[in-house]
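Reader: Could you walk me through this fold and one of its pockets?

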Amino acid sequence: MNRRLFCSNLIAGPVALASVTPGHSQKLRPTSSQTRKPHQLLFAAEALHDLHISMDRGDWSRLCANVLANDYYPAALSMNGTALPEIRVRARGRSSRNARKPGLRVDLEAGGKKSAIPAVAGFVLNNLVSDATLLHDWLAMKVFRKAGISAPRRSFARLFVNNEYGGVYSLGEEIGGSF
């Protein structure tokens, strides 16, 4: 394959994902005769999710101002039309901590309640600030899985916080007990 054609196709993927009209998430079709489970849909590679986080504006300001802290803040999440009224969010990342576009960890089991998505206690939203293509992480995890190495699943999400667009994020499976 021509190198230029290959590279242009890699770049066009996230651009196409980001250009979908807000509020119109792409519907996923089952790849087999069985319907996918909610956790499979959440991390489906071809997915572009719309995530709407609602939280106190003061809490959001504190999270952004203190991105090096790992303090959790109460919030509500609407994901592709499904409402999760009690979640917690915190800043996350190592070198990618950014006040304008913070990476987030989303805890779906806030207050000891069971997650509304079976087999998913939480997930991470990588801010992709150090990846202009938006693909490095996603491609690396795909290569690891193809090589037989366990790697977290990834999909993409457009994040809205208090109805303000926050950008495209990599929605990732949390590495933990269920992983």
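Author: Happy to! Two strands pair if DSSP finds at least two bridges between them; strands (E, at least two residues) and helices (H or I, at least four) are DSSP runs, numbered from the N terminus. This is a predicted model, where local features need pLDDT of at least 70, side-chain atom pairs count only at pLDDT 80 or more, and totals for chains, interfaces and linings use all residues. Residues are numbered from 1 along each chain as its sequence is written, and side-chain values use heavy atoms, leaving out hydrogens and water.

Reader: In E7, which residue is the bridge partner of phenylalanine 156?

Author: Strand E6 covers residues 154–161 and strand E7 residues 164–173. The two pair in the antiparallel sense over eight bridges. Across from phenylalanine 156, the bridge partner in E7 is serine 170.

Reader: In what order do the seven strands close into a barrel?

Author: The pairing around the barrel is mixed. Its seven strands close in the order E1-E2-E3-E4-E5-E7-E6.

Reader: Which element gives the largest share of the lining of the second largest pocket?

Author: A pocket is an open set of points on a 1 Å grid over the protein atoms alone, where a 1.4 Å probe fits, with protein on both sides within 12 Å along at least five of seven lines; lining residues have an atom within 4 Å of a point. Of the 20 lining residues here, the closest to the centre are Arg92, Ser96, Asn126, Ser130 and Asp137. The largest share, three residues, comes from E5.
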